[in-house]
Amino acid sequence: MKDSNLKLHKVVVAFAALAVLATGCGGREGAEEIDSGSGQSDSTATANFGDLTEVCGPGDASTASAQGVTADSIEVGVFSDIGFTKNSEFVDAAKVFTSWCNEAGGINGRELIATTRDAKLMEPRQRMIEACRDDFALVGGGAGLDALGVETRLECMLPTFTAQAVQEKAAGADLEISASPSKIPGYDNYAGFRTWVLNEAYPESKAAVGMINGDSAVTRVVGEISNETLQDIGATVIYDELYPAMGVADWTPYAQAIKSKGVRGLIFMGSFEQLAKLEESLTNMDYKLDWIDANNNAYNDQFIELLGRSADFQNNLVDLGGVAPLESGEPAVEELRALYEKYAPDAQITLPALRAWSSWLLFAKSADACGDDLTRRCLYDTARQETEWTGGGLNVPINVAEPLPPQPCFNVERATSDGWKTADFGADNGLYRCDIPARELTGDYGVPMTLADVGKSMNDVE
């Protein structure tokens, strides 16, 4: 019985790990206030970022205007799976933002207090119940199994400025604001990227595409969406394989199958650690693909290190979906680097962290505009007025007011032994390419949840 339980636990853990990748205590389980530093606020300064002015600063707030809002503070929740993944990117982003904001005087003089809501992968609903009890809003976070908490969030009418949405039920749900969307309901985020790869960059690979996906219900949906888009483009998938959710010790059989079938372009959906192992097998066989879509979970230094000689032998590409690359030298990116160096020097800036920062900025600007009478309805309505939100220069302009159809922009990075470099993908709008229209899906992959689904409407939001 003990061995059986251990095996079941391993399967659950592995399944949950893939769910995160389909994508990034204070006396109460999974809750911990984020340290925003001990520096004194400057009563005369304001915090500017990129092309945004007065994001945070002093003020004369005097009202306890909503749950989690007093005359002196604003309490928000930050969802994360840090207890499972040990990945602190959302917690780090919250620490840097709140430290910087509070040092400048807070939001209209109110101190910004962030509490980590650690879903530990399997506990989104439990953490959402706590957030419903204590938080004014959710900001700059995400959870691998976020659909488990969305019904509870809507029942308590809790707005979320999400950094990363994963499942169809949660992405684009009511009272969600996406400052830099990671997932758009009803659309394939990667259609533009796939079109460029197959029609322009490597047209010879169009008749020989391979796909490898982790074997879980969550990630299989991602594979189905990719298959639909590939068929629409006119590509032929000659290899479509699932690998065990617990991972693979020896990738040699998969590499041999890829080589024997003559796969020229490969889409990999899973952990970058597993992909690095697969590429090692391919490289040892001296088999080089035209391209590998590593998925943007691989956009980090660790993947480059794990690749070894495959970093230059293979051709790994990732689509950042309209977010400024860390190596771009953009003023907003350099400004963010300086803030991390000041407030969290040991933290790594990741793609989800960039999206989280854009979410924090939009939250702060919207809350500031509401003044003393800060309510959830005012916060949400104010954020929804943004029609060209760029996070101060961190992402392509987003129409928060009308998120559908989504902006079609994408940008591509290539892995090399010297780090990530910008690929030659035909940028036509600064860092981005925006001339390939967004593609609406035709299959049924689920729909985002609405207030009506829980018997409520916007008239109930206060």
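Angles under 35 degrees count as roughly parallel, over 145 as roughly antiparallel, 65 to 115 as roughly perpendicular and the rest as oblique. This is a predicted model, so local features need pLDDT of at least 70 and side-chain atom pairs count only at pLDDT 80 or more, while totals for chains, interfaces and linings use all residues. Residues are numbered from 1 along each chain as its sequence is written, and side-chain values use heavy atoms, with hydrogens and water left out.

**View 1. Helix α6 against helix α7.** Here α6 (residues 191-201) and α7 (residues 217-233) have axes that come within 10 Å and cross at roughly 45 degrees. The two helices are therefore oblique to each other. An axis is a line fitted to C-alpha atoms, for helices over the stretch in contact, and the angles run from 0 to 180 degrees between N-to-C directions. Helices (H or I, at least four residues) and strands (E, at least two) are DSSP runs, numbered from the N terminus. On the α6 side, look for Ala-191, Arg-194, Thr-195, Leu-198 and Asn-199; they meet Ser-226, Thr-229, Leu-230 and Ile-233 of α7. Contact here means heavy atoms within 4.5 Å. Sorted by class, these residues come out as four nonpolar, four polar and one charged. For the classes, Ala, Val, Leu, Ile, Met, Phe, Trp, Tyr, Cys and Pro count as nonpolar, Asp, Glu, Lys and Arg as charged, and the others, Gly among them, as polar.

**View 2. Helix α3 with helix α13.** The axes of α3 (residues 89-103) and α13 (residues 351-370) come within 9 Å and cross at roughly 40 degrees. This crossing, too, is right-handed. From α3 come Glu-89, Phe-90, Ala-93, Ala-94, Val-96, Phe-97, Thr-98 and Trp-100, and they meet Pro-352, Ala-353, Ala-356, Trp-357, Trp-360, Leu-361 and Ala-364 in α13. That contact holds 13 nonpolar residues, one polar and one charged.

**View 3. Helix α3 with helix α12.** α3 also packs on α12, at an angle of about 90 degrees and with the axes 10 Å apart. That makes the pair roughly perpendicular. Glu-89, Asp-92, Ala-93, Lys-95, Val-96, Ser-99, Trp-100 and Glu-103 of α3 touch Leu-339, Tyr-340, Lys-342 and Tyr-343 of α12. The class count is six nonpolar, one polar and five charged.

**View 4. Asp-35 and its partners.** Asp-35 sits in the loop between β1 (31-33) and β2 (47-49). Leaving aside residues up to four places away in sequence, Asp-35 touches Lys-95 and Ser-99.

**View 5. The largest cavity.** This cavity has a volume of about 240 Å³. On a 1 Å grid over the protein atoms alone, a cavity is a set of points where a 1.4 Å probe fits but cannot get out, and a pocket is an open set with protein on both sides within 12 Å along at least five of seven lines; lining residues have an atom within 4 Å of a point. Grid points are joined across faces, edges and corners, and a volume is the space filled by probe spheres set on the points. Of the 22 lining residues, Met-128, Leu-138, Asp-146, Thr-160 and Thr-162 lie nearest the centre of the cavity. Two or more lining residues come from each of β4 (73-80), α4 (124-134), β6 (137-139), α5 (147-155) and β7 (160-162). The lining is made up of eleven nonpolar, eight polar and three charged residues.

**View 6. The second largest pocket.** About 320 Å³ of space lies in this pocket. It is lined by 17 residues, with Asp-301, Leu-326, Arg-337, Gln-348 and Ile-349 the closest to its centre. Both α12 (331-343) and β15 (419-422) give two or more residues to the lining, and α12 gives the most, with three. The lining has eight nonpolar, four polar and five charged residues.

**View 7. Two backbone details.** A cis peptide bond joins Leu-404 and Pro-405, with omega about -5 degrees. Lys-86, in the loop between α2 (82-85) and α3, has a positive phi, near 65 degrees, although it is not a glycine.

Terms used
Left-handed = near helix turned anticlockwise from the far one by under 90°.
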